[in-house]
Amino acid sequence: MVRNIILWIGWPVLIGGSIYLFLKGRHVYNLVKGSLVGKVVKILVYTMIVEMYSLGIVCTAYMFSSTESAYLVLPVFGIWFVMFVLSLRVLINAEKEARAITGGTVAK
């Protein structure tokens with residue numbers, strides 16, 4: 001049952017969250033592209049997406065291989081979710097700072 005809860009909640013959150021993370025990251029990148037901040041934001045977003053799906057695939061495979069593994073995977077997903085929220089907060093703050101620096105205009 002825990003495995004099903006993780007799968008039915010975890011994967012939609014992963015997919016929806018990664019779409020939001022990509023769109024927010026692209027928006028911030030467009031504000032400051034060409035600068036060091038833009039490059040850092042771009043690699044942060046790509047890294048987070050690769051790590052999130054790698055974690056999701058490995059944990060899902062592990063949960064299907066062992067019935068007790070869901071209890072080990074649950075804290076991993078909890079930690080991932082906290083880090084995901086922190087990453088989104090950093091992107092939101094970066095967007096605010098980029099808007100203040102650029103006057104809200106998108107870099108060409």
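Before you click, note that the model is predicted, with local features needing pLDDT of at least 70, side-chain atom pairs counting only at pLDDT 80 or more, and totals for chains, interfaces and linings using all residues. Residues are numbered from 1 along each chain as its sequence is written, and side-chain values use heavy atoms, with hydrogens and water left out.

**Stop 1: helix 1 and helix 3**

Select residues 2–32 for helix 1 and 69–102 for helix 3. Helices here are DSSP runs (H or I, at least four residues), numbered from the N terminus. The two axes come within 10 Å and cross at roughly 20°; axes are lines fitted to C-alpha atoms over the stretch in contact, and angles run from 0 to 180 degrees between N-to-C directions. Helix 1 and helix 3 are therefore roughly parallel (angles under 35 degrees count as roughly parallel, over 145 as roughly antiparallel). Their crossing is left-handed, meaning that the near helix is turned anticlockwise from the far one by less than a right angle. The residues of this contact divide into 21 nonpolar, 5 polar and 4 charged. In that count, Ala, Val, Leu, Ile, Met, Phe, Trp, Tyr, Cys and Pro are nonpolar, Asp, Glu, Lys and Arg are charged, and the others, Gly among them, are polar.

Now pick Lys24, in helix 1. Lys24 is buried, with a relative accessible area of 16% (buried is under 20%, exposed over 50%, partly exposed in between, with a 1.4 Å probe and protein chains only). Leaving out residues up to four places away in sequence, Lys24 touches Leu91, Ile92 and Glu95, where contact means heavy atoms within 4.5 Å.

**Stop 2**

Jump to Phe22 in helix 1, which is partly exposed at 34% relative accessibility. Beyond its neighbours within four places in sequence, Phe22 is in contact with Val45, Tyr46 and Ile49.

**Stop 3: helix 2 and helix 3**

Here the axes come within 11 Å and cross at roughly 165°, so helix 2 and helix 3 are roughly antiparallel too. Helix 2 passes helix 3 in a left-handed crossing. For the contact, show residues including Met48, Met52, Leu55 and Cys59 of helix 2, and Val76, Phe77, Trp80 and Phe84 of helix 3. The contact has 17 nonpolar, 2 polar and no charged residues.

While you're on helix 2, click Gly56. Gly56 counts as buried, at 2% relative accessibility. Its C-alpha sits 12 Å from that of Phe81, 25 residues away along the chain.

**Stop 4: the core**

Finish with the largest nonpolar core, which has 19 residues. Such a core is a set of buried Ala, Val, Leu, Ile, Met, Phe, Trp, Tyr and Cys residues joined through side-chain atoms within 4.5 Å. Select Leu21, Met52, Met63, Phe77 and Phe84, the members with the most contacts inside this core.

Not counting residues up to four places away in sequence, Met63 touches Arg3, Ile6, Leu7, Ser69, Ala70, Val73 and Phe77.

Note on methods:
Helix = DSSP H or I, 4+ residues; strand = E, 2+ residues; numbered from the N terminus. Parallel < 35°, antiparallel > 145°, perpendicular 65-115°, else oblique.
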